[in-house]
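The following account leads the reader through a single protein chain, from one residue to the wider fold. Please keep the sequence and the model in view while reading.

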Amino acid sequence: MGVTISTHNGSAVAREHNVRNYKVVSKEPHIDLNGLHETWIDEPVRQAYERLFGEAVAEYNAKQSRPERRISSYYNDICKDKKKHPVYEMIIGIYGKNEDGTSICSAEQGKEIMREFVDTWKQRNPNLALIGAYYHADEEGEPHVHLDYIPVAHGYSRGLQTQTGLVKALEEQGITKTGKETAQILWEKQENDYLTALCESAGLTVNHPRAEGRMHLDTQTLKLKTRAEQLEQTVSSYDRQIRQIEDKTAVATTQLADINSQITEKNAELQNLSNLKTNISGMYDEIDRFKADKKSIPFSKRVSVDEKQLDEIIKLAKQGLSERTKNYQLVSKMRDMIPKEAHKSKLKERDDEISSLKEKVGQYNHIKRAIYNLNLVPQVNEELHRMQREEQEQSRSSEREQQTQQKKKSSPKR
C-alpha cells in the first residue's frame, strides 16, 4: 500500500493557532493539549515586513515631497488591498493507513521528511520568504506542517521597487502561466513533486489522486474545522462586545436623564431671575421718568414734611443708590452660577440671595412711593447727585492708591 501526500496552498493564516496559544487552542476540541507540537520557524508578520520591505519603503518616502503620499505602514496597506494577501500558507502532510489501522509512514519518519522539505525551502523558493514553520502531531489525523510565507518581488516601476506579489515572485523564480495552468498551480505541482521525491527516497510508495488539483480529504477537513473554530471565536468576541456596549448605553441613558432633569430645574430658576431683573429695570425706568418730569410735578405750598421723615427718606435713597450696582452684579453672577453649580448647598445660597434681592426691591418700591407722594423729587435728586460725586471721588482715590503701590513694588530696591 502507498501513502498520499498533500501540499495545499492558501491565504488563510492563523498564527495563534499554529504557535499553540493556550487561549485559542483550549477552545479547539480536536487538539490534544498534551500532544506533540513543535515550532521550527516563527517570525511575527509585522517584523518580517519591516525586514523584507523596510528599506524599499524608506527609499520611496525619501522621494515624496508631499507627506500624504508617504507610506507609514506597508503591511497595513497590503491588508486593505482586496487583490493581495499579506501572508500565504502551505500545509504539507503524509497520509495513509495499513489494514490494521496503523500509519504506513511512522510519525518519526514523516517528521524527518517534512523537516527536510522545510530546510530546503529557501533553495527552491528564494522569492517566498518563509516566516513560519509549525509541526503539529497533536490533532486528529496524521501529523502535518504549516508553512507561512511572504512573496517578495523586485523591479516594480510604480510604487515601491520591492513589493509583495505572488505571481511576480514566482515569475522571478522562473514559473509563469502555461496555457490554462496558472503560475500558482504549476508551483504547487513543483512542491508536490519534491515532497513525492522525498517520500520515495525514504522507501515509501506515493499514490496520487486521479483528479488533479483535488485537495486531500484529511487536509480539507482540517482546514474546514480550523476555519469554523475561528469563526466561532469571532462571533463569541462580538457577543461580548455587544453586551459591553449595551451595559454602557444603559448607564449613559440614566445619566442623561439626570442631566436633563437638572437642566430643566436650572432653566426655571434662570427664567425667574430674568423676570426679576426685568422688573428691577422697569422700576429704574420709572424713577428716571420721575427725574425727567420733575419740573412738571405740581408742588403745593401747604405741603410740610417732618424733619425726621425727610431724613429717613434720604437715608433709604442713599441705601438704594449704593446697592444699585451691587445688585446688577449679583444678578449677573447668579446667571453664571446657575448652569455650573449642582450641589444642594450652592442652590440654597442662591435661594437666600434671591430672597434678599426681593427684599431690596420692596425697599425700592417704598422709596418710589414716598418720593411721589411727598413731592420730594428735587431734594432727592440733589442728594443723589452729591452721593454720586462722592462715590466717583472715592473710586478715583482708590485707583491712585493702587497705582502708587504698584509703582513701589516695581521700582528696584537699592
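**A guided reading of the chain**

Tyrosine 74 has a relative accessible area of 10% and is therefore buried, the limit for that term being under 20%. The coordinates discussed here belong to a predicted model. Tyrosine 74 lies in helix α4, which spans residues 74-80. Leaving aside residues up to four places away in sequence, tyrosine 74 touches Tyr49, Phe53, Val57, Leu160, Gln163 and Thr164. Between the C-alpha atoms of tyrosine 74 and alanine 56, which are 18 residues apart along the chain, the separation is 10.0 Å.

The chain as a whole contains twelve helices and seven strands. Of its 414 residues, 35% are buried. Among contacts between residues at least 6 apart in sequence, 71% join residues at least 24 apart. The accessible surface comes to about 27,000 Å², and carbon and sulfur atoms account for 49% of that surface.

Strand β5, residues 144-151, is mostly covered, with eight of its eight residues buried. In a regular strand, side chains alternate between the two faces of the sheet. In β5, His144, His146, Asp148 and Ile150 point one way, while Val145, Leu147, Tyr149 and Pro151 point the other way. Strand β3 (residues 88-95) runs antiparallel to β5 and is joined to it by six bridges; here methionine 90 stands opposite leucine 147. Strand β4 (residues 128-139) also pairs with β5 in the antiparallel sense, over eight bridges, and tyrosine 134 stands opposite histidine 146. Four residues lie between the strands in the hairpin of β4 and β5, where glycine 141 takes a positive phi near 90°.

Asparagine 18 brings several of these elements together. This residue is in helix α1, residues 15-18, and counts as buried because its relative accessibility is 2%. Not counting residues up to four places away in sequence, asparagine 18 touches Glu89, Tyr134, His136, His146 and Asp148. With glutamate 89, the side chain of asparagine 18 forms a polar contact of 3.1 Å.

The mean pLDDT of the chain is 79, and 65% of its residues reach 70 or more. Over residues 211-217 the pLDDT is below 50, and this stretch has seven contacts in the model beyond near neighbours in sequence. Residues 294-303 also have pLDDT below 50, with ten contacts beyond near neighbours in sequence. Where pLDDT is low, the predicted coordinates should not be read in detail.

Notes. Residues numbered from 1 in each chain as written. Predicted model: local features only at pLDDT ≥ 70, side-chain atom pairs only at ≥ 80, totals over all residues. Heavy atoms only, no water. Buried < 20%, exposed > 50% of the residue type's maximum accessible area, 1.4 Å probe, protein only. Polar contact = N/O pair within 3.5 Å; in protein donor to acceptor, adjacent residues only side chain to side chain. Contact = heavy atoms within 4.5 Å. pLDDT = per-residue confidence, 0-100. Areas by Shrake-Rupley, 256 points an atom, 1.4 Å probe, with all protein chains shown as cover. Pairing = 2+ DSSP bridges.
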